[in-house]
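Please open the structure in your viewer and keep the sequence panel beside it.

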Amino acid sequence: MNVKFLSILFIFFVSLYLFSDKSKNIIAIPDFYSSIKDNGIIELITENFTEAVTKSSKFIVVERNSLNKIYSEQNLSYNEEFNQSKAVKLGELLGANIVILGKISLLNGSYLITVKGVDVETGSLKFSESISTKDIKLLATISKEIGYSISYYGENIYKAFDINFGCSL
């Protein structure tokens, strides 16, 4: 690793520590993985989910530029599916407490968005939620809904939720 990158990373973590609310979890949200080959939809879903989580102010969200630097430095691909061990490694590099893994699937004519929160310290799942719709046009909207739902339960993430937004769970 080069010294310039390490210096930038160090400054980022010190800033996060000094200016962050210690009661909030720091989360990283890599691009969602999908077997659907439409990168525009994947990016839109990831961005809408991230926006919803950020608006809640329950979490501190790691900036996407920091994620991009780690991706390039660690030779990670946006197209690969993250497992829990890769999520822990990414979280450690970014100083995050939780890494949120998202997956978009097409099953029996329904689009399914699944979101899992991996605890970086233990490697265990902190939460897992999913939502589905048959209408591809609703994917952007339901990605926000699942983001708001996770944010709503940010302090007690294990509570269940029910979304009835023209979707089926």
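Among contacts in the protein chain between residues at least 6 apart in sequence, 59% join residues at least 24 apart, where contact means heavy atoms within 4.5 Å. This is a predicted model, in which local features need pLDDT of at least 70 and side-chain atom pairs count only at pLDDT 80 or more, while totals for chains, interfaces and linings use all residues. Residues are numbered from 1 along each chain as its sequence is written, and side-chain values use heavy atoms, with hydrogens and water left out.

**The whole chain**

Colour the chain by secondary structure, and five helices and six strands can be picked out, following the pattern α-β-β-α-β-α-α-β-β-β-α along the sequence. Helices (H or I, at least four residues) and strands (E, at least two) are DSSP runs, numbered from the N terminus.

**Helix H2**

Select residues 39–56, which form helix H2. The end C-alpha atoms of H2 are 26 Å apart, which agrees with the 26 Å that its 18 residues should span at 1.5 Å a residue, the expected span being 1.5 Å times one less than the number of residues. The buried residues of H2 are Ile41, Ile42, Ile45, Thr46, Asn48, Phe49, Thr50, Ala52 and Val53. Just after H2, Ser57 takes a positive phi of about 65°.

**The salt bridges**

Side chains of opposite charge can pair when their charged atoms come close. How many salt bridges does a search of the whole structure find? The search finds two, a salt bridge being a side-chain nitrogen of Lys or Arg within 4 Å of a carboxyl oxygen of Asp or Glu. Show the side chains of Lys55 and Glu51, which meet in a salt bridge at 3.0 Å, N to O. Because they are four residues apart in H2, Lys55 and Glu51 are separated by about one helical turn. Lys55 counts as exposed at 53% relative accessibility, whereas Glu51 is partly exposed at 29%.

Through shared partners, the salt bridges join Glu51, Lys55 and Lys144 into one network.

**Helix H5**

Select H5 next: its 14 residues reach 20 Å from the first C-alpha to the last, close to the 20 Å expected at 1.5 Å a residue. Among the buried residues of H5 are Leu139, Ala140, Ile142, Ile146 and Ile150, and what covers the buried residues of H5 includes H2, strand S3 (59–61), S5 and S6.

**The nonpolar cores**

Turn to the largest nonpolar core, where Phe32, Phe49, Ile100, Ile113 and Val115 touch the most other members among its 22 residues. A nonpolar core is a set of buried Ala, Val, Leu, Ile, Met, Phe, Trp, Tyr and Cys residues joined through side-chain atoms within 4.5 Å. The elements that give two or more residues to this core are H2, strand S4 (98–107), S5, S6 and H5, and the largest share, five residues, comes from H2. A second, separate core of 15 residues includes Ile26, Ala28, Ala87 and Val99.

Finally, select strands S5 (residues 110–119) and S6 (residues 125–133), which run antiparallel and are joined by eight bridges; two strands pair if DSSP finds at least two bridges between them. Lys116 has Ser128 in S6 as its bridge partner. Between the strands of this hairpin are five residues, and Gly123 takes a positive phi near 80°.

Within S5, centre the view on Thr114, which is buried with a relative accessible area of 18%. Leaving aside neighbours within four places in sequence, Thr114 is in contact with Leu101, Gly102, Lys103, Ser128, Glu129 and Ser130.

Notes. Buried < 20%, exposed > 50% of the residue type's maximum accessible area, 1.4 Å probe, protein only.
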